[in-house]
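Colleague: Please go through this model with me, and tell me what stands behind each term you use.

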Amino acid sequence: MTPRRSRRAAAIPKTVEPAGASPVSREPYAALDLGTNSCRMLIARAEGDQLRVIDSFSKAVQLGAGLEASGALSRISVKRTVQALRVCRRKLEQHGVTRMRLVATEACRRARNGNAFINQVRRETGLTLDVITPEEEARLAVVSCGPLVQETSEQLLVVDIGGGSTELVWIDLSAVPTGGRSAAIMAMHKQSFADLGNGVRVVDWISVPLGVATLRDKFSDVEDDAGAFALMSWFFEEHLADFAPYTKDHTRAGFQIVGTSGTVTTVAASHLGLRRYDRSLVDGLVLSSDQIDAVIHDYLRLGPDGRRSDPRIGRDRHTLIMPGAAILQALMRLWPTDRLSVADRGLREGLLYAQMSADGLFSPKGHEKAQG
């Protein structure tokens with residue numbers, strides 16, 4: 001398999017600029033992200049420059065289980081996923097949501113029965129899933145990370161490690177005035193990568209068809225834990241050969257990596273020693289490469305049985321954390337920084353920002369806050 005770039009523009013409505021100060025949405029908005037491993041949904045309202053999350057859902061449905069070998073979504077995976085989507089439908093009805101974007105990503109893009117699955121979901125749940133392109137997935141993940149972009153950052157690498165694919169986007173912000181770089185990133189939902197303005201330039205982007213689930217499945221026959229980890233890291237790096245910044249020298253000054261994924265947040269939670277996950281402590285945390293390496297070495301020391309029972313990892317993620325860690329370690333090894341900004345946000349937040357901004361409701365200056 002080779003990395004793929006999509007040239008299609010994403011189907012995002014034309015943006016209407018906010019008309020007043022601190023607009024508030026009376027009705028809720030929803031965003032659902034159906035990936036290779038997880039089904040995740042957020043329901044939120046816009047309050048000025050913040051998202052107020054009013055409900056959420058997350059389930060490890062493993063839609064792409066066995067996809068690497070068979071090329072198709074299995075009946076049991078489809079059944080699990082449809083059941084989860086029925087829960088999502090009930091939540092949407094409960095909150096009276098009419099403004100929503102429900103998307104599916106790599107598993108449905110790759111599976112030969114992907115279209116049949118989408119049709120089945122529509123029949124059995126009444127939900128219409130939009131299978132988005134790799135470019136739109138990457139762009140919305142970047143948008144979600146906008147509030148975490150440092151105003152001193154001139155070169156930005158956003159990494160979204162998914163279940164079936166990993167998106168990397170390299171952005172040159174040197175032409176954007178200091179003080180406007182975070183907002184410029186959050187405005188990227190308006191155009192495709194090729195049509196950006198305001199001084200933002202996408203140097204290159206790539207969608208590598210390897211995520212935590214597909215990488216795990218590919219090396220499932222390797223019994224040695226440390227050996228499998230090393231092979232996964234090497235194999236992922238091999239898929240970056242066509243990514244233009246991979247072959248160039250870069251200085252540390254003004255360089256920032258932002259990582260968004262369950263892998264990144266789990267590593268951060270493990271570093272903090274959290275036995276109960278706390279988003280407020282994880283989102284926006286900056287980890288050094290030494291701290292990341294220490295966590296990964298601890299995972300290797302624990303072995304499969306130890307990781308299964310480690311509360312910092314969780315039972316839903318214990319088989320996926322080492323493939324994700326292999327990807328993360330490869331990325332930190334390749335580029336000139338010893339710092340990673342942790343983002344507990346991603347495609348769902350990007351979908352919400354895009355919808356709200358298109359309706360003139362969202363002023364992209366701050367962070368989300370939970371209702372309470």
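Modeller: The chain has a mean pLDDT of 85, and 86% of its residues reach 70 or more. pLDDT is the predictor's confidence in each residue, from 0 to 100. Over residues 1–22 the pLDDT is below 50, and this stretch has 55 contacts in the model beyond near neighbours in sequence; a contact means heavy atoms within 4.5 Å. Over residues 365–372 the pLDDT is also below 50, with 25 contacts beyond near neighbours in sequence. Where pLDDT is low, the predicted coordinates should not be read in detail.

This is a predicted model, in which local features need pLDDT of at least 70 and side-chain atom pairs count only at pLDDT 80 or more, while totals for chains, interfaces and linings use all residues. Residues are numbered from 1 along each chain as its sequence is written, and side-chain values use heavy atoms, with hydrogens and water left out.

Colleague: What makes α5 roughly perpendicular to α13?

Modeller: Helix α5 (residues 134–144) and helix α13 (residues 347–358) pack at an angle of about 85°, with their axes 7 Å apart. Angles under 35 degrees count as roughly parallel, over 145 as roughly antiparallel, 65 to 115 as roughly perpendicular and the rest as oblique. Therefore α5 is roughly perpendicular to α13. The axes are lines fitted to C-alpha atoms, for helices over the stretch in contact, and angles run from 0 to 180 degrees between N-to-C directions. Helices (H or I, at least four residues) and strands (E, at least two) are DSSP runs, numbered from the N terminus.

Colleague: Which residues of α5 and α13 meet?

Modeller: E137, L140, V143 and S144 in α5 meet L347, E349, G350, L351, Y353 and A354 in α13. By class, this contact has six nonpolar, two polar and two charged residues. Ala, Val, Leu, Ile, Met, Phe, Trp, Tyr, Cys and Pro count as nonpolar, Asp, Glu, Lys and Arg as charged, and the others, Gly among them, as polar.

Colleague: Why are α9 and α11 called roughly perpendicular?

Modeller: Helix α9 (residues 262–272) and α11 pack at an angle of about 90°, with their axes 10 Å apart. That is why α9 and α11 count as roughly perpendicular to each other. T266, V267, S270 and H271 of α9 make the contact with Q291, I292, V295 and Y299 of α11. Four of the residues in the contact of α9 with α11 are nonpolar, four are polar and none is charged.

Colleague: How many cavities of 30 Å³ or more does a search of the whole structure find?

Modeller: The search finds one. On a 1 Å grid over the protein atoms alone, a cavity is a set of points where a 1.4 Å probe fits but cannot get out, and a pocket is an open set with protein on both sides within 12 Å along at least five of seven lines; lining residues have an atom within 4 Å of a point. The largest cavity holds about 30 Å³ of space. Grid points are joined across faces, edges and corners, and a volume is the space filled by probe spheres set on the points. V159, I161, I257, G259, V264, L328, L331, M332 and L340 line the largest cavity, and α12 gives the largest share, three residues.
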